[in-house]
Amino acid sequence: MKKRRKQETLADDTVQEMEEPDQPQNKEALEEMTEKQSKEPKRKAKDTENGVSRPVKLSKKDLYKAPTVEELNQLKEAENLFHCSLLKMQMEELLKEVTLSEHRKKLVDTFVEQITEFLECLPESEVVELDDVSWLSRAEVPFILIPAAGKGKFHMAPPDSVNLVGSYPLGTCLKPRVTVDLAVTIPASILHPMDAINQRYPRKRALYLAGLAQHLSFLKHVGSLSFSCLHGNRLRPVLLVKPAGKDSEKVTLRIHVIPPPDFLKPSRFHPLKNNVRTEWFTGVASKHQDAEPATPHYNSTVLGDHLPLSHLQFLSAVAAQCPAFNDGVALLKVWLRHRELDKGAGCFCGFHASMLMAYLLSTHKVSKAMNGYQLFRNALHFLASTDLTVNGITLARNPDSKAPSLPEFHSAFSVVFVDPSGHLNLLADMTAFTYKRIQHEASLSLKFWDDPTVDGFQALLMTPKAMIRTYDNVFQLGELVNLQASCKKLSLLSELMDHSGNYVLCALPLILSLLQRGLGERVQLLVHSLPPDPEWPVDKPPPKHKDLPPLNIGLLLNLEHALSVIERGPPADNPQAVEFRQLWGSRSELRRFQDGAITEAVLWSGSSSCERRLIVLEIIAHLLQLHADLPESCLRFVGGQMDDIIKVNKEICTTGEEESLKVVQSYDDLSRKLWQLEGLPLSITSVQGAHQALRYTQVFPPIPAKLDYSFFDRKNYLGLVPKENKPCPYYITPIKVIVHMEGSGKWPSEHQAVRHIKAAFHICLAELLNKQHNYKCHAKPNYVDVWKDGLAFRIEVAYHREAHILRESVTPEGLLMFRDNAEAQALELETQHKPFLTSTLHGYSRLLQPCLFDSNDQQHGCFGIVCRLAKRWLASQFLLEEIREEAADLLVASLFLHPSPFTPPSSPQVGFLRFLCLLSTFDWKNTPLIVNLNGKLTGVDYTDIKNDFAASRESHPTMFIATPNDKKTSIWTKKVVFRPPLEGYDVLIHLNSQQVPLLAHAVDPPALCFQQGTLRGEVFSSGGALPVIDYDPVKLFLSELRDAFEDLALFFYDPFGGTVIAVLWKPNAFEPRPFKTSLMNARRVEVNGDVATTVPNVEAILQDFRIFGEGLVQKLELRTEKWVV
């Protein structure tokens, strides 16, 4: 159990970077694990067997031992501060896992000492011009020298000092990515008082760093050297040093070059002052030399290099006053890491987390006596409730008179958090969109943590939130070199000077603001990925800005407005109309609306839900082309790629939403007419749909069919049969409807008699529907088929006591007893559970997302389409028979009802990705999946379900799904990318495509489909002949194969147009068995001496495959290397 927890925690910190192996591979790792195990309690709460958690048996003495005073205090603390004691233990275990061990600290200290000693021996060099880099032979300058001209002299000299800074000396450095910061102070003799202007200091800093890299390349203890940038800032390159040998992945030393602490006065870097001259940057003489633009970002970069040592002193003093400071910071850093907020340009890194915690403590917003959990929770509350884009905060208690004021900081920066000196904005590089993202994540985390039905620890601190699974739409902005044209179009020369030519960071905020204006109410939140910190070898030049990976733009949609085809603006005579026309350009036009108003408006294309989901892409592409000169080829939309898989009508581009709605409308009309039928012996008490099409989740919803009578032969009153020379007819899906009749003393108490009464009701319903509404009907003992609106409805009459009667039996002594049986369970499933699930999920299709359901704009949330994508994938992988369709619907429903740590999906692709993630990462062995339909389950119910599940795990299916009506049995599950791999199967049965009725729905459909007895055009609502209903020869063939050979083989098939049935022999199928005449099905006799045994007769079995499927089977592909007789 401990090993599994450790793997989960490390995976939580980073999905791809597992720096420590699962098992000790060397002596040092073994010592570290032994040391950790020696500190653990000898008695564990749980043990594991085959991955299933089991309670450890305790002796009676240990079980009833009185708690100590310390244990009582811990219980009291857990009761007051946590939902349960488990959360407290989870927190403690997480902190143990991420905190550096003593062995790791010794390794770090040794490596730092070796590097420090070698750096102090740095030889001096001759003085050269700042532009002369000929003295560098083993390293390149980690700086983009644009403009190339630079004044000044430079030489190498030993550093004034080498000091540890950052998280390691503070005690907040965490695994698994152990990065230790080392500040190397550049000698004052190298610098000049005028180095603050025109990038002279940053260039000398980069040259000195290159000299350090060249010097360290001779040290044998160094394994690898590379350059990077501190949080994506190209003016602050850093040197990454890793030790040689087996410890190369255990620690990374990050070397910063800093000036002497008092080298330049802070007032020189006021955010409203200029330190980059226009004439030097452009090479053109400025006409207004007295009106140079401010360079706040450049100023904050240079000023930030002066303060690492003072910041460390400040944080150390605060941490010394609060024992839980390190724990609170550690939890906050883990939280940030999982949300991809702690790395890249404009991030909220661990240093900012420490400063935030120091601010809360110094302003008495939290108590020094609080534990780590309380500090972390209060930090989240502060982030969620405080908007630093409007009301900045400061750590400066008594700033000097020359320090900028908060309004001055706000005029220069989007987000304001001032350091203790009062001169530096710690969040100078952060965009307002990133801080809004932090606020959103913090408020969402608090919401989940306060919900007792949510595993807050798992959601907040153990689940990575990749952008592609977090946001409804993700757009990639590639070919970043085009942003140079955007800067020119948007006239961003002063911003380019401020960002030292980094046109990506310069254009990004304005592009995002433009998109925010254009998207408006369509989105709840607009975010962007943080440009990553580049890393390159020391002997290579730095990568250019255009070499950065594409930027991702994420959107949380507001479905109430996101799919609207009209963008309504102000009236034509309103002054704001000019701004509206400037924003939308030629797309804006005057339109008259139904309320009589004449306003500016923009009309977007989109007649179906499938097309309307692309309106946001159309808006973004139009705005970027119009205002930023970015061609549409720069944009890549992550979404919409899977629409082709579930398209129902490919001619007019629909993915089934409109077709599903037509089915539901036809069913609603039929339901009303059933209620109004006259002449029934008993009245109808309820009409309930029991088909997935009625909950919007059928992969390919039924499409109204207009029959081509020339394709069929009429067979008396029963209906139509296809002609012999025709292919398989169009598949007509029967839509199941359950009709409950009222209770009466006339109902018999014997099961067979009940069936006869139900058969009579079926005949009666068929006659009345035909007589009163002219519907073609065909009654059978178990149901009646009704042909309406080109759809087939299969009505089954139900009697509420029938399952009860099936459980009754009379003993030989004449006693009445009740015993559950499979027949009663199956009847309840069909007549009670399925209708309840259908009606519940039908409501969620409308209500799980804010949506519109009116006659003009038929659209609803993406619950239905996510279910359909999930089931299409399961079917394509031959898994839909193992995971029932109802179970798949519940799995998807859990993503909407319990989305933690996300918001409910509002787009098909993000819902589908989360479905795959749920299948692959959920702990099915030890945890039940609880789907709280209608919110009926309480926190106590959750606990009871989990306890009952753990107590009887062996008797439950592998996947256990609990609902309010199904807390203990999981009735929807069994005990046992879109192109499936076929290499693992023994026999492939290839089918005649003309006999596959759903061929058009295949993942790879044929270019030309054959005629299946239907015509285009409007269908008739009633009358006509009854077609063949529910005829699928592949399904019938598969059923025969399983009945005949279920003891020898497993059969897999994609029910949506698959043309291959895959056969897998069972592992024990070919073991010789004793000869018995009663067990000779598909077997032959082998005699060895006096012993007669039987083995499968493979040749006969394969011949049976051909005989059973005559006309359907095209060929058999044998994979004889997979099995041996």
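Okay, quick ground rules. Residues count from 1 along each chain as its sequence is written, and side-chain values use heavy atoms, without hydrogens or water. As the model is predicted, local features need pLDDT of at least 70 and side-chain atom pairs count only at pLDDT 80 or more, while totals for chains, interfaces and linings use all residues.

Helices (H or I, at least four residues) and strands (E, at least two) are DSSP runs, numbered from the N terminus.

So, the sheet. Five strands make an open sheet, ordered β20-β24-β27-β26-β25, with mixed pairing; two strands pair if DSSP finds at least two bridges between them. β20 (684-689) and β25 (776-779) sit at the edges with a single partner strand each, so one side of each has no neighbour in the sheet. From one strand to the next, the twist averages 25°. Angles here run from 0 to 180 degrees between N-to-C directions, using axes fitted to C-alpha atoms, for helices over the stretch in contact.

Now look at β25. Four bridges join it to β26 (residues 784-788), and the two run antiparallel. Cys777, for instance, has Val786 in β26 as its bridge partner.

Which strands does helix α26 touch? Helix α26 (residues 751-773) touches β24, β25, β26 and β27, where contact means heavy atoms within 4.5 Å. Its direction makes about 140° with that of β27. Helix α25 (residues 657-675) lies across β20, β24, β26 and β27, at about 170° to β20.

Last stop: helix α10 (residues 296-304). Nine of its nine residues are buried, meaning under 20% relative accessible area with a 1.4 Å probe, protein chains only. Its cover includes α8, β8 and α11.

Definitions and conventions:
Buried < 20%, exposed > 50% of the residue type's maximum accessible area, 1.4 Å probe, protein only.
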